[in-house]
Structures are given as C-alpha cells and as structure tokens.
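Hi,

Here is the structure I promised to send over. Please have a look, then read my notes below.

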Amino acid sequence: MSTSFPPPPILSFAEMATSISELHQAHAHFLKSGLIHSTFAASRLIASVSTNSHAQAIPYAHSIFSRIPNPSPYMWNTIIRAYATSPIPEDALTIFHQMLSASVLPDKYTFTFALKSCGNFSGVEEGRQIHAHVLKIGFGGDLFIQNTLIHLYASCGCIEDARNLLDRMPERDVVSWNALLSAYVERGLMDLARRLFDEMPERNVESWNFMISGYVGLRLLEEARRVFDETPVKNVVSWNAMITGYAHASCFSEVLVLFGDMQHAGVKPDNCTLVSVLSACAHVGALSQGEWVHAYIDKIGISIDGFVATALVDMYSKCGSIEKALEVFYNCSRKDISTWNSIISGLSTHGSGKHALQIFSEMIEDGFKPNEVTFVCVLSACSRAGLLDEGREMFNIMVNVYGIQPAIEHYGCMVDLLGRVGLLEEAEELVQKMPQKEASVVWESLLGACRNHGNVELAERVAQKLLELSSQESSSFVQLSNMYASVGRWKDVMEVRQKMRAQGLRKDPGCSMIEVDGIVYEFLAGEGLASGEDLT
C-alpha cells in the first residue's frame, strides 16, 4: 500500500508569493533543501514564478528552467506559455525550437501555446509552419489545437483559411465557433460575425457577449442593445459591455437606468461596472445616486483604491461635494496618479487653487511623477484662482524639470490665466508661439478674455483669426457680437448677426441638468423641460 505525502509548505509559499524577493527566498529554499531535484517540486516552482505579475518573473523562471538538467514536457510548456502571453511572445517560439532540438516530444498543449504566441505577434507564417508540424505528427484532428488555429488565422486576417478550417472540422464545439466569432469581432467585421452567429448550432454566454461588445465597439448601440435584450443568460460581462457602451456614447442616464436593471436581475457588479456608473453620476450630477453606489461599495466590501477611488473622487467633485471627495481621497488604501489628478482637478473646479497646489506638493513628496494630465489640472487650478506667479512656475517646471512638451490644453490654461489677469498681449504672443497654430479653442479663450477686459481692437484680430480657422463655428461670431454690444457698437452687432444668418449659423442652446428625488431633469435654454430620467 503506497503512502502519499502532502506537498512541502514551501510550494504553497512560492505559489502565494507577491514579490520577486519572496520568489528568491523560495528558490533558495529549494536549492538548500534539494527539492529542486524533484521533478514535481521544480515544475511547481517554475509555474509559480512564471505566473507572478512582477516584470522580472518570466526571465527569472526561465533562468531556473535553464538550470534543470532534463526538464519535463510540463516545464517546457510552462515556459512557452509564459512567453506566449508576455510582451515578447516571439520568445515562446525560441523555446519551442529548443524543445524540438532537445528531442522532447511536444504534446497538444505545447502546440496550443506556440500557436497562441503566433497570434499575439501576428506571426501567421510561423503559425503555418507549426500547423504543418501538427499535421505531420498526427495532431491535426485535436479539437483544442484546431480551435487555436482558427483564432490564429482569423485574427491575422486570413479569414477564408479560418472559415475553411472550421468547415472541415469533423468535430466542432461552441469554442470552435467562438474562436472565429471573436476574431471577426476583434477586426470589426460585424456583418460576418452576425451571419456566423446566426449559423451557430449552439451559443453560450460568451458568444452573446462577443456580439454585444462588437456592436458597442463600433458604437452601434441599438444593435448592441437588441442583442443584449435577447441574451438568455447574462453575466457581469454582458452588463458591463452594454453599460460601457452607453458611457462612452455619453448616454449617462441610460447607464444609471441599466445599472438599476442589473440590480433587479440580481447580478453582482464588479469594479468595471461601478467605475462606469460613478462616471455617469458625475456627468449628470446625480449626487444621491452616487452616494448610494458608494454605500453599496462599502456594503459588499470592495476596496476603495485605484480606479474605484478615482471614480468616487471625481463623482463627488463634479456633484459639488468637494469635502466628501477629499475624505475619500485621504482614506483610500492605495492611490495612483489618476487619483491624485482627480482630486487636483476637483479642487481646481471648486476654485481652491492653493489647496490644489498643496496636493500637488504632497504628490511629489510621496514619490509620484506628474504626467501631462497632472499639469493640465494644476495649470487649470492656477487659472481659475488667478495665481499668475504659481502658474508660470508650474509651466516652467513641467517643461524644464519633467521634460513634458506643452500640448494645446497646457497652452489653453496659460492663455486663460494671462487673460484673467489682463495680460492680453502676452497671451496673444503665447498663442502665436504655439506649434499647434490651428488650435481654435485657445483663440476662443483669448477672445473671451478680450471681451471681459473690453479690448475691442485685439478682439477683432482674434475673431478674424478664428474665422480663418473655422468659418462654420458660431461661437466666435457670438462672442464678437456680445463684445460690440457691451461697448454700444450696435451697427457692428447687426453686421455680425447678418453674417451669421447669411452663413446659416445659429447659437447652440444652453443645457442644464438637475437631480430631484433620484430623477435627472434636463432643461434647454428657451425650451423648458427636455427630459426626465428615473434613476431609482
């Protein structure tokens, strides 16, 4: 009677390691205890190291593997698989060739991982060579390999090859059909995807999700919603695909209504769902709905960090509760650069420029490196608060310390700041120095500053520049007309408005949204109530 022994505790330690130093400790124990000479233990160690998220994990696993005298097929497969899904999938084929040269017989998993690596770097010719090898050694009928080949050919654009392979398969399952369907969707070939979907003898939730995501990716929301409504069993991916589609199309009321439907259906949202819903709350100003989502996050025990923390800070800031935004920011367990950017932007929007600069200093002290978005937020905060010296200093730090070349948004903030404090000529010089001379939005900012300070002469020059850039935009006409009206030049007002009518231009109506008892109401200037969406 054979006796089985439990695996050594060090194996569990290696599998649960979260840092490269812990992996080094596990490896050292293997070497010291002699476990490295056990094929089973060494295989587990290599597998644990290769699947670790650390950037050096795969090279480290490879170094361990290269010191094993006679690696098992499982070890070879582990390294090939690791490289196949890495940023350098081509290296998987190098290992595959070494395996063949070592006279180690590949199995169906070896070929599957090697073919996946080809798909990940669009190596269709290399894939064809491996396909030929598969046929040569008699694995051509393996369902697992055939499904991978279908996806390889289709994702590389060899649509006919993929379809022919599917048609010739003696045995097909839903994965076979999905392999081709997902490739069609990835390439945006939704007409082919729809025909294949209708032809499928069997569909699973993944099949339906591919179709929803495909239509969403092409912004065909009506088609996506039709498929979504027809989906017999929806999982969180189904709901997320539809919610994300509405969010990207700025249909924020629909996001909130669909989230309510998701709750009623008993499907538990994940972080992706919650970020989209909080973003929708932020855009429509639905504070009470956002607070409910926040309470729900606490209730189900989701950690408030990363994207969730950023979304909460953004929601509270845009809904007018900057104190709550600061509370979330300081209490979140882990901040990333987007979280810092969000709170700086929120303080900027609320006119707390000096507080925004204080947060920026704290971010630098905590070791975070500001990016382009950070400086847009900081410069915007200086502009709104009229902090001229601080704004100039931040612009200089951005260029000379962090080596970030100013984009239109950075120039726009500086022009707005200079315009607010009345330095219109300096603002004009800055706009003329811009590499992006066609940036009409910056010229519009300068035109607004001219109006605020009553500089008609400069306003006329700026308006002329705007008309050269885009004669079909009404905003420059409207601002110039208002400028003339503010100084009583009514004849010029009439001339500007006559030009607008002659070109068929009209001022876009203003729009406002408010939330009352969980319902968002939208108002258009001159038209009253436009819509009301029940968010409960």
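This is a predicted model: local features need pLDDT of at least 70, side-chain atom pairs count only at pLDDT 80 or more; totals for chains, interfaces and linings use all residues.

The length of helix 27 checks out. It has 14 residues, which should span 20 Å at 1.5 Å a residue, and its end C-alpha atoms are 20 Å apart, so the two agree. Just after helix 27 comes G454, with a positive phi of about 70 degrees.

Helix 27 (residues 440-453) packs with helix 25 (residues 408-420). The angle is about 5 degrees, and the axes are 9 Å apart. Angles under 35 degrees count as roughly parallel, so helix 25 is roughly parallel to helix 27. Helix 25 makes the contact through I408, Y411, G412, V415, D416, G419 and R420. Helix 27 answers with V441, V442, S445, L446, A449 and H453. By class, this contact has seven nonpolar, four polar and two charged residues.

Now the core. In soluble globular proteins, nonpolar side chains tend to be buried together. Here the largest nonpolar core has 161 residues. I130, I297, L312 and I343 have the most contacts inside it. Helix 11 (residues 174-186) gives the most to this core, with eight residues.

What does L312 touch, leaving out residues up to four places away in sequence? The partners are L278, H294, I297, I304 and V328. One of them, I297, is itself among the core residues with the most contacts.

Best wishes

Methods
Residues are numbered from 1 along each chain as its sequence is written. Side-chain values use heavy atoms; hydrogens and water are left out. Axes are lines fitted to C-alpha atoms, for helices over the stretch in contact, and angles run from 0 to 180 degrees between N-to-C directions. Helices (H or I, at least four residues) and strands (E, at least two) are DSSP runs, numbered from the N terminus. Angles under 35 degrees count as roughly parallel, over 145 as roughly antiparallel, 65 to 115 as roughly perpendicular and the rest as oblique. Contact means heavy atoms within 4.5 Å. Ala, Val, Leu, Ile, Met, Phe, Trp, Tyr, Cys and Pro count as nonpolar, Asp, Glu, Lys and Arg as charged, and the others, Gly among them, as polar. A nonpolar core is a set of buried Ala, Val, Leu, Ile, Met, Phe, Trp, Tyr and Cys residues joined through side-chain atoms within 4.5 Å. Buried means under 20% relative accessible area, exposed over 50%, partly exposed in between (1.4 Å probe, protein chains only). The expected span of a helix is 1.5 Å times one less than its number of residues.
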